[in-house]
Structures are given as C-alpha cells and as structure tokens.
Amino acid sequence: MAISPNFIVVRQVWGFNLIDELNLVRECLNQFPIAAFDTEFSGTIFTELSLTQLYSLMKKNVDSLKLIQLGLTLSDVHGNLPTFGTESRYVWQFNFRDFDPECDPNDRKSIAFLKNHGIDLVKNRIMGIDSRTFALKINAYVLGPRSGLTWVTFHGIYVYAYLIKILTGKQLPCTYHEFRMLLHTYFGFLNYDSKAMAKELGLCGGLEKIAKSLDLDRVAGESRQAGSNSLLTMQIFLKLRKEFFPIPVHLFEELRMKLSPLPG
C-alpha cells in the first residue's frame with residue numbers, strides 16, 4: 001500500500017515537548033517497525049576529493065558542524081503511519097538549538113538555502129532541543145527498545161554520522177571500521193539506504209529526482225525540511241521494496257548497509 005497524502009501532519013518537536021513526543025514514538029515502535037530518518041545541517045566546509053580520504057572528509061565536516069533538524073517517519077510494511085486514534089497520520093521533526101549561525105562554522109550558501117525553505121534558526125536557538133538531552137532521551141525511549149526496527153535513510157552516511165556524534169558526545173572515531181562498529185551498536189544491522197537501492201536499478205540523483213522517477217510526490221511538509229524528507233525517504237523505500245525487490249528475499253537483504261561509497 002502506498003502512503004496516501006490525506007491528513008499527514010509533521011509534528012514539530014522542541015525542547016519543551018521532547019519527552020511527550022518521544023513517548024508517542026515509543027508507543028509506535030511495535031506496530032510501526034520501519035523508521036526512516038533525515039537530517040538537515042549547516043552544509044559542508046571541507047571538500048577533499050581523494051576517494052581514499054572520504055571518511056576523513058566526512059569526519060572533518062561532522063566534527064566541525066552541528067545538527068539543525070532530524071526528521072523521523074515510522075511505518076509498517078504496508079505504508080501505514082501512526083494515527084493515535086485520530087483522522088490524521090503523523091511524522092516527526094526534531095528541531096535542535098545547538099547551531100548558532102553567528103559563531104559556528106557553516107556553509108553560508110547552505111544556511112541561506114535552509115532559511116529560504118522555512119527553517120527558522122532563531123526559533124531553533126530559543127525553543128529547540130539541546131542535543132545532549134536528546135541523546136539521553138532517544139537512548140531511553142527509542143534505541144533501548146530498538147530490537148526488530150528497520151532503519152532507512154537516503155544517502156544516509158551523514159545522517160548516521162551526526163546521530164553517532166550526538167549519541168556518544170564525542171567526535172567521530174578515527175577509522176571507518178570503528179564508525180561502522182558504533183553504527184551497529186546503536187542501530188543494529190537492519191539498515192537500508194534508499195539511494196543505494198535505487199542505484200541498483202540504474203536510478204541516480206537526489207531525493208526529489210528519484211522520487212519523480214518512481215512517480216512519487218511529496219505528500220506533507222516542506223522540501224528541504226527533515227520531517228518531510230524522512231517521509232519521502234520512506235515512500236521511496238516502500239515502493240522499491242514492493243515493486244523491485246519483492247523476491248528473492250536474500251537479494252533484498254544484500255542491500256543492507258549499502259550506505260555510501262566509503263571504503264569498508
């Protein structure tokens with residue numbers, strides 16, 4: 001079943017309602033075991049091109065920059081989203097307060113782009129979630145009972161990197177091998193990248209382009225905001241799984257952890 005656009009609401013999460021929203025997320029995990037997520041951050045400021053230094057490039061950027069938004073969509077295998085007994089269906093957008101555009105490193109073009117797409121950095125600073133508090137609560141409310149969850153991203157290596165940085169409270173480890181060990185520790189082994197799956201079918205490009213190639217529309221929220229992007233990521237994943245990777249199962253399972261071209 002495709003995700004229908006009717007009455008989908010992006011639930012905005014700030015510092016004051018973080019616990020209430022994470023309680024709702026926890027209530028959903030058994031019924032909606034597929035979790036797609038997306039991040040928005042302040043661009044990239046290091047741009048080495050050597051393939052042998054791709055992990056080093058990501059580490060430099062993630063260590064130096066801060067997370068702005070995290071989007072989360074929970075679904076079952078049929079594309080059903082949580083309703084909480086209402087006529088609406090819900091996804092989440094967590095807004096962080098850590099990034100200060102006045103003093104923190106950033107890519108000015110990326111920041112201007114995010115502002116033009118409705119991200120209010122001043123509101124984030126005033127009302128947003130402290131990442132240290134988020135790390136404690138997400139461990140208790142979501143990652144603790146994570147058994148059986150399938151995690152989905154779109155070109156997700158940076159998504160996982162920012163989350164691992166927040167969860168550990170440290171800079172990323174020195175090697176890609178250590179990074180992968182931490183990824184498995186926090187997110188298990190059921191990890192899929194919709195971009196990597198689409199590439200197996202010869203579909204290339206960004207989130208919007210691949211969605212259009214699959215005849216999928218953005219059905220809620222704003223482009224370039226993490227909540228809406230996580231929903232579109234879920235739409236792509238579910239359509240690829242249903243129409244292109246239905247059988248044999250072992251071929252679909254081989255797509256696990258195809259997160260990026262980083263050397264393993």
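Residues are numbered from 1 along each chain as its sequence is written, and side-chain values use heavy atoms, with hydrogens and water left out. Because the model is predicted, local features need pLDDT of at least 70 and side-chain atom pairs count only at pLDDT 80 or more, while totals for chains, interfaces and linings use all residues.

Begin by colouring the chain by pLDDT, the predictor's confidence in each residue, from 0 to 100. The mean for the protein chain is 87, and 85% of its residues reach 70 or more. Then select residues 247-252, where pLDDT stays under 50 and the model has five contacts (heavy atoms within 4.5 Å) beyond four places in sequence. Residues 259-264 also stay under 50, with 17 contacts beyond four places in sequence.

Next, select Phe-94, Phe-134, Phe-179 and Phe-187, which touch the most other members of the largest nonpolar core, a set of 49 residues. Such a core consists of buried Ala, Val, Leu, Ile, Met, Phe, Trp, Tyr and Cys residues joined through side-chain atoms within 4.5 Å, where buried means under 20% relative accessible area with a 1.4 Å probe, protein chains only. Among the elements that give two or more residues to this core are helix H1 (18-28), strand S2 (34-41), helix H6 (157-168) and helix H7 (176-187); helices (H or I, at least four residues) and strands (E, at least two) are DSSP runs numbered from the N terminus. The largest share, ten residues, comes from H6. A second, separate core of 19 residues includes Tyr-192, Met-197, Leu-232 and Met-234.

Now turn to the rings, where the structure holds 15 aromatic pairs. Rings of Phe, Tyr and Trp (its six-membered ring) pair if their centres lie within 6.5 Å, and planes under 30 degrees apart count as stacked, over 60 as edge-to-face and the rest as tilted. Phe-37 and Phe-187 form a tilted pair, 5.9 Å centre to centre with 40° between the planes. Phe-37 in strand S2 and Phe-187 in helix H7 are 150 residues apart, and both are buried.

Which parts does the pair of Tyr-192 and Phe-237 tie together? Tyr-192 lies in strand S6 (residues 191-193) and Phe-237 in helix H10 (residues 226-243), so the pair joins parts that are 45 residues apart in sequence. This pair is tilted, at 5.7 Å centre to centre and 40° between the planes, and Tyr-192 and Phe-237 are buried.

How values were computed: Buried < 20%, exposed > 50% of the residue type's maximum accessible area, 1.4 Å probe, protein only.
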